[in-house]
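Work through the exercises below with the sequence and the model side by side, and try each task before reading its solution.

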Amino acid sequence: MASSFKSLNLFGSGPHRFSLGKQGELYLPAYVVGGSGSGTSLIGPLELDVIIVGRLVASGESALWTLRDAVKAQLAHPPTPGTLIDLYGHTWTNMSFLTFQEMDRVDRGRVWSVAYKAIFRKIA
Amino acid sequence: MIIFWPRRVTFGAETWDGVVAVSIDRVGVRAVVEWSDYGPHPIFADSPELRTTITVSMEIMRGVVASPRPGQVAMLTVDISPNTSQSQVRRVTAQAVVVRVTHDLTVKKGAVRTIELLAVSSDGAADPITETLIHGMEPK
């Protein structure tokens, strides 16, 4: 099935893969937060990150810009949370689309394509 | 593409005599390959950066001093015909840069000069190699 964010198939033009960011507790050395010695201070649970790495694929320059613009249109400030669904239908609710970063250059071969990394976070 | 015994080969204003073969190799310099979350096989591949290399092999019948130099750029033309007539002569052309000139010397074969050239595109999108049918070809 197609992935989606807020029911939009933003990344379906090309291959893309889902992964989860670091999970667990956010911790710092105790001395950083006013403690003494070598202990650890627990700050709280890490917010869940869902990371999508993939490639936008288009037939040409203008078509690729259309795909980029569709993604950029979902990068709001402040982010407005929505539901993110992966290729298997796994669902994460209340996810904020934080960043979209293109990796390296646009590849202009048989098709126009650009690799990217998109980060979504469940902001507590 | 490989061409044996072309009718005529020129590089800019020079005519290269004794050419026995011209080969044109197209190689993808960088491959883009992507996988999906569905399984182990790539679902996308492309070759967005190409290198087109032309190799000219020529017999050297006598000692020569003149030689193309790496970095030299000119229009390379290779005329091909299926027989000795003037009909159906095709011309392969490319703006090309000399990248390597080497010689192979053996007692049995004599001297063979190999010139390797890199074909360059006019704008990056156009194929650096063009092939056209030539009419009214003058005798070799």
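Two residues are in contact if their C-beta atoms, placed from the backbone, lie within 7 Å. The model used throughout is a predicted one.

**Exercise 1.** Determine how many residues of chain A are in contact with chain B, and describe the side of chain A that they form.

*Solution.* Applying the contact criterion across the two chains gives 13 residues of chain A in contact with 11 residues of chain B. Turning next to where these residues of chain A lie, the elements that contribute two or more of them are strand 2 (16–20), strand 5 (48–58) and strand 7 (91–108) of chain A. Sorted by class, this side of chain A holds five nonpolar, three polar and five charged residues.

**Exercise 2.** Find the strand that pairs with strand 3 of chain A, and state the sense of the pairing.

*Solution.* Strand 3 of chain A pairs with strand 4 (residues 40–45) of chain A in the antiparallel sense, over five bridges. Within this pairing, Leu26(A) stands opposite Gly44(A) of strand 4. As for burial, strand 3 (residues 25–29) of chain A is hardly covered, since the count of buried residues among its five residues is zero.

**Exercise 3.** Decide whether Leu42(A) counts as buried or exposed, and list its contacts beyond four places in sequence.

*Solution.* Leu42(A) belongs to strand 4 of chain A. Because Leu42(A) has 11 C-beta neighbours inside 10 Å, it counts as exposed, the cut-off for that class being 12 or fewer. Once its neighbours within four places in sequence are left aside, Leu42(A) is in contact with Glu25(A) and Tyr27(A). Arg17(A), by comparison, is 25 residues from Leu42(A) in sequence and 32 Å away in space, C-alpha to C-alpha.

Notes: Residues are numbered from 1 along each chain as its sequence is written. Chains are lettered from A and ligands numbered from 1 in the order in which they are written. This is a predicted model: local features need pLDDT of at least 70, side-chain atom pairs count only at pLDDT 80 or more; totals for chains, interfaces and linings use all residues. Helices (H or I, at least four residues) and strands (E, at least two) are DSSP runs, numbered from the N terminus. Ala, Val, Leu, Ile, Met, Phe, Trp, Tyr, Cys and Pro count as nonpolar, Asp, Glu, Lys and Arg as charged, and the others, Gly among them, as polar. A residue is buried if 20 or more other C-beta atoms lie within 10 Å of its own, exposed if 12 or fewer, and partly exposed in between; C-beta atoms are placed from the backbone. Two strands pair if DSSP finds at least two bridges between them.
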